[in-house]
Amino acid sequence: GFMGYTGFYSDIAWNHWVLIPVLAMGGYHQGRGKYLDGTFQFRLELSLDYQFANKSRFGLNIAHISNAYTKQEDPGEDEIMLNYSMPLLFGKNT
C-alpha cells in the first residue's frame, strides 16, 4: 500500500526532550497492503525524541491511520517505530 498525506505538526521542546504531535489527512492506495475501506484517511501521530548536542535525535513514534468511520468499516492501522534523525546543513550553516 501507499499513503500520501499533509497536515500539521509542531516541535514542543523542553531541555533535551522534544514532543512532536501530528494531525494529517491524505490518500491511501491499498495495492497489496492492508484493506482500510477507503481512499481518504486520517493520521494521528505522537513522537517523543531525545535531542543530542549535535541536534540529532533518537526517539519513539506511535501513529494511527483511520478513515474515522467515514465508510462502513474502519479497520485502521497502528504503527510503533524507533527513529534516529540528524540535521542536514547547507550553505553558511555548515
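This text follows the salt bridges, a surface patch and the surroundings of one serine. The model is predicted: local features require pLDDT of at least 70 and side-chain atom pairs pLDDT 80 or more, while totals for chains, interfaces and linings use all residues. Residues are numbered from 1 along each chain as its sequence is written, and side-chain values use heavy atoms, without hydrogens and water.

Four salt bridges are counted, each defined as a side-chain nitrogen of Lys or Arg within 4 Å of a carboxyl oxygen of Asp or Glu. Arginine 43 pairs with glutamate 45 (2.7 Å, N to O), and glutamate 79 also bridges to arginine 43 at 3.0 Å, N to O. The latter pair links strand β6, which holds glutamate 79, to strand β4 (residues 40-51), which holds arginine 43, across 36 residues. Strands are DSSP runs of E, at least two residues long, numbered from the N terminus. Arginine 43 is buried at 7% relative accessible area, whereas glutamate 79 is partly exposed at 27%; buried means under 20%, exposed over 50%, and partly exposed in between (1.4 Å probe, protein chains only). Through shared partners, Arg43, Glu45 and Glu79 form one network.

A further salt bridge joins arginine 57 and aspartate 11 (3.0 Å, N to O). Because arginine 57 lies in β5 and aspartate 11 in the loop between β1 (2-9) and β2 (12-14), the pair ties together parts 46 residues apart in sequence.

Serine 85, in strand β6 (residues 77-85), touches Ser56 and Arg57, leaving aside residues up to four places away in sequence; contact means heavy atoms within 4.5 Å. Serine 85 is partly exposed at 32%. Methionine 86, in the segment after β6, is exposed at 59%.

Key: Helix = DSSP H or I, 4+ residues; strand = E, 2+ residues; numbered from the N terminus.
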